[in-house]
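Biologist: Could you walk me through this model, please? I would like to understand how its parts meet.

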There are 2 protein chains.
Amino acid sequence: MSNSTNSSSVEPALLSENVQMLAAVDDDHGGVIVEMSKPMDAETFASSLRASLSDWKNKGIKGVWIKLPRELVNLIQPALEEGFWFHHAEPSYLMLVYWIPNTEHNTIPANASHKVRIGAFVMDDRRQVLVVQEKNGKLRGLGVWKLPTGTVDEGEDLHVGALREVKEETGIDTEFVEVLAFRQSHKSLFEKSELFFLCLLRPLSFEIQRQESEIDAAAWMPIDDFKAQPFVQNNDIWKHMVEICSARVDGSYTGFSSTYLRSTFTDSWNYLYWNQGNRDPHSRASNMNNNS
Amino acid sequence: MSNSTNSSSVEPALLSENVQMLAAVDDDHGGVIVEMSKPMDAETFASSLRASLSDWKNKGIKGVWIKLPRELVNLIQPALEEGFWFHHAEPSYLMLVYWIPNTEHNTIPANASHKVRIGAFVMDDRRQVLVVQEKNGKLRGLGVWKLPTGTVDEGEDLHVGALREVKEETGIDTEFVEVLAFRQSHKSLFEKSELFFLCLLRPLSFEIQRQESEIDAAAWMPIDDFKAQPFVQNNDIWKHMVEICSARVDGSYTGFSSTYLRSTFTDSWNYLYWNQGNRDPHSRASNMNNNS
């Protein structure tokens with residue numbers, strides 16, 4: 001990350017009473033966050049930014065974040081000219097960042113690097129698996145029956161995402177049992193990586209209502225027919241995952257189930273996924289409370 | 001995602017011979033990717049973009065990606081005016097995206113949503129755990145001994161990231177044994193979520209060389225002393241994780257170890273992490289080959 005402009009080179013003239021400092025809040029890591037919201041012309045912004053950088057430098061501030069809504073793209077260029085670089089973007093805004101100290105190493109946290117996806121293994125008491133054919137994607141029109149899959153939203157617990165995707169695609173209500181395995185892959189979207197969690201869910205309803213926009217067909221299919229498909233048999237990673245599913249329903253495998261635990265330090269509650277042994281999940285609730 | 005401009009409204013005058021179409025490559029999902037590299041004035045770009053959108057629409061193209069290096073920020077505004085929105089950004093570029101079909105639902109993949117971090121549990125034969133004190137972060141100066149932790153890079157296998165972080169922070173060489181548990185948390189960086197993988201590594205060397213820029217101290221500490229710290233005892237999630245580590249080294253717990261498997265469909269090799277039972281990892285290599 002280059003610091004092309006030295007923020008100490010602010011001209012005294014710019015520090016006249018006409019130059020307003022940018023409003024900033026602390027980021028809890030020795031830096032500040034500037035959230036721009038009102039229209040401003042690029043020159044005024046550049047002056048304010050230079051004066052503010054000088055002030056922050058004197059105060060020992062390290063990282064500086066600037067969040068620009070899409071309406072204020074005219075302020076990108078002046079920020080880049082001061083040495084800022086792109087950190088991340090979402091549909092409605094761009095986040096720029098700058099490191100004030102004259103050190104080669106900065107502690108600006110990396111941008112999110114992974115997408116998180118789930119695949120749901122849902123089997124009824126007659127050893128029938130819930131499967132779908134997708135309208136889009138690489139398997140479209142190939143007649144392949146696959147497990148319901150989907151992307152976990154940011155802010156969403158992955159087992160909640162699994163339940164949601166199954167409900168959306170098939171109308172089936174489920175409860176989470178275990179993460180059976182997970183796979184990491186790379187360059188899934190441009191340079192980004194992906195984590196795919198294979199989840200065992202227990203069905204709570206059985207009448208299928210497929211999502212017409214994304215799903216061509218949905219069905220309960222005997223597990224042996226599902227396994228016998230060339231797509232599964234000729235694909236080492238899917239063959240392996242389906243064998244894990246089979247072993248789990250036959251009682252000879254355990255994955256990771258979830259426990260909701262508090263971090264006193266960050267004052268937050270999060271799910272920990274771990275191997276709780278081959279217990280009945282209905283009795284796990286009481287066990288979870290004992291552990292937490 | 002709003003499509004504020006209808007790309008079919010291109011004026012015939014714009015389609016004169018002076019308007020050059022933007023160079024684009026297919027994205028394998030019915031869309032195109034435009035990678036801008038040469039300087040262009042905003043008006044010329046706007047005309048080319050409108051003409052290209054009209055052409056792509058006629059060809060049934062769905063998603064349109066435009067990658068703008070930081071040198072071409074002057075082209076952001078015209079793209080936004082055609083209805084593009086921000087998809088993601090990296091230090092050197094901004095990616096914009098647009099959905100041509102007149103459908104409410106688009107299949108533009110979501111941006112990366114998660115950071116991936118690892119914590120490394122490394123224990124020697126004398127039940128001493130490799131621990132560090134960090135120079136930065138919330139634990140700075142509190143005297144807390146913690147496991148080495150770090151962020152997995154995009155494109156990096158998480159167990160490789162664990163080995164790398166331990167080597168960087170402490171100079172200790174290790175080999176990967178298992179993912180013992182993982183935790184998902186939210187709003188770790190602005191709105192992004194985080195997955196933290198607790199990894200069991202086996203030490204291959206024992207002489208500590210700490211990383212001076214990030215680590216205040218590194219040591220081998222008796223596991224009972226490590227567990228007895230108030231930071232561990234008063235923090236449900238860390239107490240739980242350390243108990244899992246203890247159970248694993250005592251042989252009463254198994255996590256997920258890795259198998260390198262091929263997806264014939266995507267023609268890629270990826271690691272699958274799954275419960276391979278309480279086997280010695282040195283004998284696992286041959287077993288992995290049998291399975292794959």
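This is a predicted model: local features need pLDDT of at least 70, side-chain atom pairs count only at pLDDT 80 or more; totals for chains, interfaces and linings use all residues.

Modeller: Residues are numbered from 1 along each chain as its sequence is written, chains are lettered from A and ligands numbered from 1 in the order in which they are written, and side-chain values use heavy atoms, with hydrogens and water left out.

Biologist: How many residues of chain A are in contact with chain B?

Modeller: Contact means heavy atoms within 4.5 Å. Of the interface residues of chain A, 100% are also interface residues in chain B, so the copies meet through the same surface. On chain B, 83 residues take part, and the number for chain A is 83.

Biologist: How many salt bridges does the rule find across the interface of chain A and chain B?

Modeller: A salt bridge is a side-chain nitrogen of Lys or Arg within 4 Å of a carboxyl oxygen of Asp or Glu. A:E154 forms one with B:K192, their closest N and O atoms being 3.0 Å apart. Across the interface of the two chains, the rule finds 4.

Biologist: Is A:H114 buried or exposed?

Modeller: A:H114 lies in strand β6, residues 114-122 of chain A (strands are DSSP runs of E, at least two residues, numbered from the N terminus). Leaving aside neighbours within four places in sequence, A:H114 is in contact with residues including A:Q184, B:H114 and B:D153. The relative accessible area of A:H114 is 0%, and the cut-off is under 20% with a 1.4 Å probe, protein chains only. A:H114 is therefore buried.

Biologist: Which strand holds A:A218?

Modeller: A:A218 touches A:V131, A:V132, A:W145, A:T170, A:I208 and A:R210, not counting residues up to four places away in sequence. A:A218 and A:G171 are 47 residues apart in sequence and 9.8 Å apart in space, C-alpha to C-alpha. The strand, at residues 215-222 of chain A, is β11.

Conventions
Helices (H or I, at least four residues) and strands (E, at least two) are DSSP runs, numbered from the N terminus. Buried means under 20% relative accessible area, exposed over 50%, partly exposed in between (1.4 Å probe, protein chains only).
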